[in-house]
Amino acid sequence: MQAVYFAMLMISIGYVFFLLSRFQRHISVYYILMTVAVVIVNLGYLQIAGARTEEGVLLGNQVYCLAYPFLLLFTIHTIADLCKTRIPPVVTGLCICISLIIFLGASSAGHVDWYYRSVEMVIRDGYTFLKREYGPLHKLSPIYIVITLGCGLCIVANALRKKKHVSHFVSVGSLCLLILCSATFMGERMVGLKVELMPIAYTVCAGGILLMLNRVVTYDVKGISREAIEESREYGFVICDGKFRLSGADEQAKHWFPELNKLKIDYRIQDFSTDFLLQLKKWVLTEDSQDVVYFEREGRILEVCHSVPEMYRKKLHCIRIRDDTPQQQYLKLVERYNEELGAQVKEKTARLVEVQNDIIVSMASIVENRDNNTGGHIRRTSDVVRVFVEHLLATDYSSVLTRETADQIIKAAPLHDFGKIAIPDSILNKPGKFVSEEYEIMKLHAQKGAGIVARILQNSDDLQFKNIAVNVAHYHHEKWNGTGYPCGLAQEEIPLEARIMALADVFDALVSKRVYKEQFSYDKAFGIIEKSSGSHFDPSLCRAFLQCRLQIETLYNSNLD
């Protein structure tokens with residue numbers, strides 16, 4: 001039997017080396033403690049089996065008792081980890097206390113009778129074992145076993161219930177291991193075997209746990225992702241506390257920021273001469289965990305993030321460094337593409353607007369060509385509107401007249417007489433003054449023009465231009481005192497663009513020759529405009545128009561026609 005115990009000892013030692021070499025990191029410390037405890041328990045059994053003196057048997061019992069109480073605790077915690085279950089701290093604390101009591105009581109055999117009243121070495125049929133008479137403290141042992149086994153069964157039952165979150169192999173395997181240990185323990189005491197079979201059960205149980213661990217880690221997405229990140233060397237980490245003491249920095253962080261190589265672990269950082277250390281100081285002082293800062297090193301763009309995790313009731317500052325060069329290059333490529341695309345769209349849009357403006361002027365010219373009495377009127381009034389609007393933008397009207405609106409008014413000016421296309425030639429080209437019936441028909445051009453413009457622009461995406469163009473055509477004959485047509489609007493009921501158009505339209509009519517009048521001088525025309533302030537025209541707009549006299553006269557004197 002001594003050979004069997006020796007084999008169990010070697011196998012359990014192999015477990016330790018396998019665990020450390022295969023998994024290395026990212027596993028709970030309970031796995032290591034469990035395998036070490038199995039080694040110590042097997043060593044104790046081997047010592048008892050090979051002893052030939054009572055002192056040797058007692059020594060083996062003490063070695064066994066050194067790990068046996070804790071082995072149950074470590075095993076239950078490994079099963080809980082495999083089944084993704086957390087054991088309440090109260091239960092863990094209770095088990096640790098009982099384990100310590102059992103350990104102290106059992107290891108004092110031969111000296112006090114708390115746990116063993118008496119111990120005696122017995123050699124029977126070549127097997128050495130310890131005959132024990134239990135004391136009152138031994139009653140804790142079955143209680144402890146029931147608690148640990150009960151926890152184990154609860155953990156397994158919960159794992160079987162959460163089938164989607166825990167491997168079925170792990171759940172069933174854990175249950176089988178618990179049954180094996182329980183059956184072996186009870187069988188020894190019920191059958192009265194001469195040899196101890198628990199070392200075999202412990203070793204088989206530890207092997208089963210490591211087998212399940214190997215399966216779980218193999219398919220552990222988080223662990224695989226973590227290892228892949230570390231192997232890619234894409235990330236680096238720096239940790240310091242709130243007193244600027246460096247807690248650690250990995251090789252990748254030191255590669256990107258060589259100044260970290262000069263710092264000592266657990267020593268306060270004194271030199272903040274580099275941009276990285278200055279940023280670190282800012283983070284520590286402000287505890288701003290949301291900042292993301294970019295540094296350029298060796299032609300690479302590094303993303304440096306800051307977080308403030310709390311460990312052991314102590315705030316630490318964790319700096320994560322990531323090579324973000326590919327992403328930044330991609331963003332720059334997208335930005336450059338968007339800029340080029342935006343420029344192309346802007347160019348094409350400008351071309352479309354230009355074509356639209358040409359179409360508008362051409363259509364207005366076609367309408368004007370039907371009217372032999374107003375040659376060049378559209379171009380002149382449009383130029384006057386442009387001069388007038390530019391002047392308004394430089395005055396107090398800039399608060400109510402934006403650059404965009406001003407451009408739309410200038411663009412809409414050629415459409416103000418568009419409704420004349422619906423007026424009969426006999427009236428439109430009459431070589432004299434209109435009679436009252438003819439004048440009423442002529443006045444319809446404002447209303448008809450608004451309807452035509454609205455239909456032409458009904459599918460336009462530029463709603464502002466559509467509204468302005470319709471208002472210019474519809475209301476440019478309205479008067480400030482409400483005596484105009486077609487709606488008799490008064491004062492600010494008249495849209496601003498229509499009030500502006502009215503001044504340009506009337507001024508051109510005054511200084512131009514018509515079949516029913518000669519052209520007026522600039523002095524007379526501006527005088528009429530000034531006298532009509534407050535009756536025909538908006539007083540404030542009228543004052544602004546008079547201020548444009550020099551530019552308007554220059555415009556007419558340039559013979560643009």
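Colleague: In which loop does phenylalanine 244 lie?

Modeller: Quick caveat on the ground rules: this is a predicted model, where local features need pLDDT of at least 70, side-chain atom pairs count only at pLDDT 80 or more, and totals for chains, interfaces and linings use all residues. Residues are numbered from 1 along each chain as its sequence is written, and side-chain values use heavy atoms, with hydrogens and water left out. Helices (H or I, at least four residues) and strands (E, at least two) are DSSP runs, numbered from the N terminus. On that numbering, phenylalanine 244 lies in the loop between β3 (235–241) and β4 (246–249).

Colleague: What is phi of phenylalanine 244 near, and is phenylalanine 244 buried or exposed?

Modeller: Phi is positive there, in a residue other than glycine, and sits near 65°. For burial, the cut-offs are under 20% relative accessible area for buried, over 50% for exposed and partly exposed in between, with a 1.4 Å probe and protein chains only. Phenylalanine 244 has a relative accessible area of 7%, so the label is buried.

Colleague: And glutamate 298, buried or exposed?

Modeller: Glutamate 298 also has a positive phi, near 55°. Its place is in the loop between β5 (292–297) and β6 (300–307). With a relative accessible area of 62%, glutamate 298 is exposed.

Colleague: Which residue does a cis peptide bond join to tyrosine 485?

Modeller: Omega is about 10° at that bond.

Colleague: How is the aromatic pair of phenylalanine 70 and phenylalanine 74 classed?

Modeller: Rings of Phe, Tyr and Trp (its six-membered ring) pair if their centres lie within 6.5 Å; planes under 30 degrees apart count as stacked, over 60 as edge-to-face and the rest as tilted. The structure holds 13 aromatic pairs. Here the centres are 6.3 Å apart with 25° between the planes, and the two residues are four apart in helix α3 (residues 54–82), so about one helical turn separates them. Both phenylalanine 70 and phenylalanine 74 are buried, and the pair is stacked.

Colleague: What about the rings of phenylalanine 526 and phenylalanine 545: what is that pair called?

Modeller: Phenylalanine 526 is in helix α18 (residues 522–531) and phenylalanine 545 in helix α19 (residues 539–546), 19 residues apart. Phenylalanine 526 counts as buried at 3% relative accessibility, and phenylalanine 545 does too at 0%. Their ring centres are 6.1 Å apart and the planes are at 40°, so the pair is tilted.

Colleague: Which residues do ring pairs link into a cluster?

Modeller: Phenylalanine 526 and phenylalanine 545 both belong to it.

Colleague: Which residue forms a salt bridge with arginine 322 at 2.8 Å?

Modeller: A salt bridge is a side-chain nitrogen of Lys or Arg within 4 Å of a carboxyl oxygen of Asp or Glu, and a search of the whole structure finds 15. Arginine 322 meets glutamate 303 at 3.2 Å, N to O; glutamate 303 lies in strand β6 and arginine 322 in strand β8 (residues 314–323), so that pair ties together parts 19 residues apart in sequence. Arginine 322 counts as buried at 17% relative accessibility, and glutamate 303 is buried at 10%. The partner at 2.8 Å is aspartate 324.

Colleague: How far apart are N and O in the salt bridge of arginine 403 and aspartate 407?

Modeller: The two are four residues apart in helix α13 (residues 403–412), so about one helical turn separates them. Arginine 403 is partly exposed at 39%, and aspartate 407 counts as partly exposed at 38%. The N to O distance is 2.8 Å.
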